[in-house]
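Let's take a walk through this chain together, with the model open beside the text.

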Amino acid sequence: RGRLPKSLGKRSFFGRSYHGTLSNLTVLDLGTNYLGGNLPGGLGGFRLLTRLELENNQFSGEIPELGSLKKLRNLLLSKNALVGKLPKSLSKLISLERLELDHNRLGGELTSELNVIS
């Protein structure tokens, strides 16, 4: 059991500077790894991500701002303990093809902007 560092997505974490090395990350798949805690707000810093797969963990709290991930095709956050309303920033994910949010405690309505997902 572990947590993602809060500084994930920034230019440094774990006390080391990466000078943008991770800024070229296109896939972050940490599904089914017994990870918990809040999702770090820095996830939105991975602007080249096409797949963010964090399903089947124990993440809690709200979904952070992810609207800057314009290339994101897969967002898999199902089977966690996420709460709150769906962020309006999801409507900015213009490349999104697959969205899985089931088995969480999310509320609110899907906005009409999300109708672009087929």
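Where in the chain does S89 lie? S89 lies in the loop between β9 and β10. The strands named here are DSSP runs of E of at least two residues, and helices would be H or I runs of at least four, each numbered from the N terminus.

Before going further, please note that this is a predicted model, in which local features need pLDDT of at least 70, side-chain atom pairs count only at pLDDT 80 or more, and totals for chains, interfaces and linings use all residues. Residues are numbered from 1 along each chain as its sequence is written, and side-chain values use heavy atoms, with hydrogens and water left out.

Is S89 buried or exposed? With a relative accessible area of 6%, S89 is buried. Buried means under 20% relative accessible area, exposed means over 50%, and partly exposed is in between (1.4 Å probe, protein chains only). Neighbours within four places in sequence aside, S89 is in contact with E65, L66 and G67, where contact means heavy atoms within 4.5 Å.

S91 lies in that loop between β9 and β10 too. At a relative accessible area of 23%, S91 is partly exposed. Its side chain reaches the backbone oxygen of K88 at 2.7 Å. The C-alpha atoms of S91 and G67 are separated by 7.4 Å, although these residues are 24 apart along the chain.

**Two open sheets**

The chain has 11 strands and zero helices. Strands of a sheet pair through backbone hydrogen bonds, either parallel or antiparallel. Here, two strands are said to pair if DSSP finds at least two bridges between them.

| Strand pair | Bridges | Facing residues |
|---|---|---|
| β1 and β5 (35-38) | two bridges | G2 and L35 |
| β5 and β7 (58-61) | three bridges | G36 and Q58 |
| β9 (81-85) and β11 | three bridges | K85 and G107 |
| β4 and β6 (51-53) | three bridges | V27 and R51 |

**The core and the whole chain**

Which residues have the most contacts inside the largest nonpolar core? They are L43, L52, L75 and L77, in a core of 22 residues. A nonpolar core is a set of buried Ala, Val, Leu, Ile, Met, Phe, Trp, Tyr and Cys residues joined through side-chain atoms within 4.5 Å. Leaving out neighbours within four places in sequence, L52 is in contact with L28, L43, L66, L72, N74, L75 and L76.

Of the 118 residues of the chain, 42% count as buried. Among contacts between residues at least 6 apart in sequence, 40% join residues at least 24 apart.

Note on methods: Polar contact = N/O pair within 3.5 Å; in protein donor to acceptor, adjacent residues only side chain to side chain.
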